[in-house]
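Colleague: I would like to learn how to read a model of this kind, feature by feature. Could we take the general idea each time and then turn to the case at hand?

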Amino acid sequence: MPNWGGGAKCGACEKTVYHAEEIQCNGRSFHKSCFLCMACRKALDSTTVAAHESEIYCKTCYGRKYGPKGVGFGQGAGCLSTDTGDHLGLNLQQGSPKPACPSTPTNASKFAKKMVDVDKCPRCGKSVYAAEKIMGGGKPWHKTCFRCAICGKSLESTNVTDKDGELYCKVCYAKNFGPKGIGFGGLTQVEKKE
């Protein structure tokens, strides 16, 4: 039967899609306002959409639902992805999406726990937040505390050394903990024994 006076049907809401508001994906038409991720409801465009059969997702939700799992398949190289997408309404065991809005409120104790688990700076003992964190000697430091323990010189990854949980510039480390004797910069001449 011919379709007189209208466009195709929207793949999401099944209403008529007119040419001025049409977005096509995977051979189907959508309203601009209906072109949303089926899991997180984020607005999509041609660069962020990932289609699976008749379903459309953002690339993040698509990867969580249909992408490979295990070591090396997380958000970065060498990462183990244990994110199942439950917070986005993805039910990987049953293969069908849950409602996008959670029926229970978020757990306030998880938020409170994250606020308590903030790293502490070894130098000043205060909390180190991500925006001010520098890693050195396997510990998080404030940018302002990332200094040599002896001379106070500001340190960088190219001139930092650590010993017993404290940071030193290479010069102070060599003077205080490096080898001593001829050729090591500690002594200029050999003392004669009498």
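This is a predicted model: local features need pLDDT of at least 70, side-chain atom pairs count only at pLDDT 80 or more; totals for chains, interfaces and linings use all residues.

Colleague: How many helices and strands does the protein have, and what percentage of its residues count as buried?

Modeller: The secondary structure comes to three helices and twelve strands, and 25% of the 194 residues count as buried. The accessible surface of the protein is about 14,000 Å², with 55% of that belonging to carbon and sulfur atoms. Among contacts between residues at least 6 apart in sequence, 18% join residues at least 24 apart.

Colleague: Which residues have the most contacts inside the largest nonpolar core?

Modeller: The largest nonpolar core has 14 residues, and those with the most contacts inside it are Phe35, Cys37, Leu44 and Ile56. Strand S4 supplies the largest share of this core, three residues. Leu44, leaving aside residues up to four places away in sequence, touches Phe35, Leu36, Cys37, Val49, Ile56, Tyr57 and Cys58. A second, separate core of eleven residues includes Trp141, Phe146, Cys148 and Leu167.

Colleague: Is His142 buried or exposed, and what does it touch?

Modeller: His142, which is placed in strand S10, residues 139–142, counts as buried because its relative accessibility is 7%, under the 20% cut-off. Not counting residues up to four places away in sequence, His142 touches Cys121, Cys124, Lys126, Ser127, Val128 and Glu132.

Colleague: How should I read salt bridges, and how many are there by this rule?

Modeller: Side chains of opposite charge can pair when their charged atoms come close. By the rule applied here, the count comes to two salt bridges. In one of them the side chains of Lys133 and Asp119 meet, at 3.3 Å from N to O; this pair links distant parts of the chain, with Lys133 in strand S9 (residues 133–136) and Asp119 in strand S7 (residues 119–120), 14 residues apart. Lys133 is partly exposed, with a relative accessible area of 34%, and Asp119 counts as partly exposed at 34% relative accessibility.

Colleague: Where do Arg123 and Glu166 lie?

Modeller: Arg123 lies in the loop between S7 and strand S8 (127–128), whereas Glu166 lies in strand S12 (residues 166–169), so the pair ties together parts that are 43 residues apart in sequence. Arg123 forms a salt bridge with Glu166, in which the closest N and O atoms are 2.2 Å apart. Arg123 counts as partly exposed at 31% relative accessibility, and Glu166 counts as partly exposed at 25%.

Colleague: Where is Glu53 found, and what is its phi?

Modeller: Glu53 is placed in the loop between strand S3 (49–52) and S4, and its phi is near 55 degrees, a positive value in a residue other than glycine. Glu53 is exposed, with a relative accessible area of 67%.

Note on methods. Residues are numbered from 1 along each chain as its sequence is written. Side-chain values use heavy atoms; hydrogens and water are left out. Helices (H or I, at least four residues) and strands (E, at least two) are DSSP runs, numbered from the N terminus. Buried means under 20% relative accessible area, exposed over 50%, partly exposed in between (1.4 Å probe, protein chains only). Contact means heavy atoms within 4.5 Å. Accessible areas come from the Shrake-Rupley method with a 1.4 Å probe; for residues, only the protein chains shown count as cover. A nonpolar core is a set of buried Ala, Val, Leu, Ile, Met, Phe, Trp, Tyr and Cys residues joined through side-chain atoms within 4.5 Å. A salt bridge is a side-chain nitrogen of Lys or Arg within 4 Å of a carboxyl oxygen of Asp or Glu.
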